[in-house]
Amino acid sequence: MRSDGRRPDELRPFSIEPGFIGSALGSALVTAGGTRVICTASQEARPPAWLKEGGWVTAEYAMLPGSVRPRGRRESGGREKEIQRLIGRSLRAAIELAGLIGPAGPVSLVVDCDVIEADGGTRTAAITGGYVALFLAVQALLRQGSLLQAPTLRPVAAVSVGIVEGADGVARALLDLPYAEDSRAAVDLNVVMLASGGLIEVQGTGERSSFSRAQLDVMLDLAERGVASLAEVQRAAIGAGR
């Protein structure tokens with residue numbers, strides 16, 4: 001058992017509240033344990049100038065100063081840019097960009113992920129909630145007649161996994177790390193997957209030691225089970241948000 005009483009393969013309490021921001025095309029409040037992220041999807045006034053065919057999806061990520069203690073700085077540094085690129089890549093893998101075409105041409109969407117409370121797993125929560133916001137935005141555009149057709153959407157979610165030494169001195173693979181575990185993990189892994197099982201991105205680092213192929217397989221198995229559970233929450237949120 002972990003310090004919060006969870007099993008090694010158990011997610012933190014996880015919820016998605018769709019339609020959290022009424023002014024956005026699509027939005028969701030994601031809660032993963034002590035982490036909370038607001039995801040909003042909006043249509044940009046103009047698609048990128050370099051875009052020749054199909055539409056585009058990008059993302060922005062920020063942590064509000066009060067989301068951590070002591071207060072964080074209000075800035076967009078290298079970490080934030082790396083995370084928002086990850087979110088953007090993940091969401092583009094979820095949608096048929098060729099289908100993002102409106103009566104006036106290509107449609108460009110931006111998904112903003114703002115962390116209002118951080119306790120580990122902010123990027124993975126942002127991806128999981130960002131998909132819900134993106135899906136709801138596409139449905140809103142279809143209702144408005146701003147899309148010529150419904151683009152194919154494939155649910156995508158993300159979760160953290162790590163190898164952490166317990167109080168008994170034994171290192172174990174754990175699913176969905178809060179900050180207390182993440183900060184002392186020997187290995188830290190963020191896994192982005194389609195609900196159907198295909199891997200989108202795996203970010204793994206041996207923070208304090210190397211890890212074996214067998215350990216990697218164990219962590220990926222944990223991540224796959226976690227993503228399957230997250231996909232169920234996404235489906236329920238999308239059903240409630242329509």
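Let's start with D112, which lies in strand β7, residues 108-117. Strands here are DSSP runs of E, at least two residues, and helices are runs of H or I, at least four residues, numbered from the N terminus.

A word on the source. This is a predicted model, where local features need pLDDT of at least 70, side-chain atom pairs count only at pLDDT 80 or more, and totals for chains, interfaces and linings use all residues. Residues are numbered from 1 along each chain as its sequence is written, and side-chain values use heavy atoms, with hydrogens and water left out.

Back to D112. What does D112 touch? I38, C39, T40 and E60, leaving aside residues up to four places away in sequence. Contact means heavy atoms within 4.5 Å.

Now a sheet. It is open, has 4 strands in the order β9-β8-β10-β11, and pairs antiparallel. Two strands pair if DSSP finds at least two bridges between them. β9 and β11 stand at the edges with a single partner strand each, so one side of each has no neighbour in the sheet. From one strand to the next, the twist averages 15 degrees. Between β8 and β10 there are 8 bridges. V159 stands opposite V191 in β10.

Two helices next. Helix α1, residues 78-92, packs on the sheet and touches β8, β10 and β11; its direction makes about 150 degrees with that of β11. α2 also packs on the sheet, touching β8, β10 and β11, and its direction makes about 160 degrees with that of β8. Axes are lines fitted to C-alpha atoms, for helices over the stretch in contact, and angles run from 0 to 180 degrees between N-to-C directions.

Last, the largest pocket. A pocket is an open set of points on a 1 Å grid over the protein atoms alone, with protein on both sides within 12 Å along at least five of seven lines; lining residues have an atom within 4 Å of a point. How many residues line the largest pocket? There are 19, with R79, G120, G121, R123 and D182 nearest its centre. At least two lining residues each come from α2 (122-144), α3 (179-182), β10 (187-194) and β11 (199-206). β11 gives the most, with 3 residues.

How values were computed
1 Å grid on protein atoms, 1.4 Å probe; cavity = no way out; pocket = protein on both sides within 12 Å on 5 of 7 lines; lining within 4 Å.
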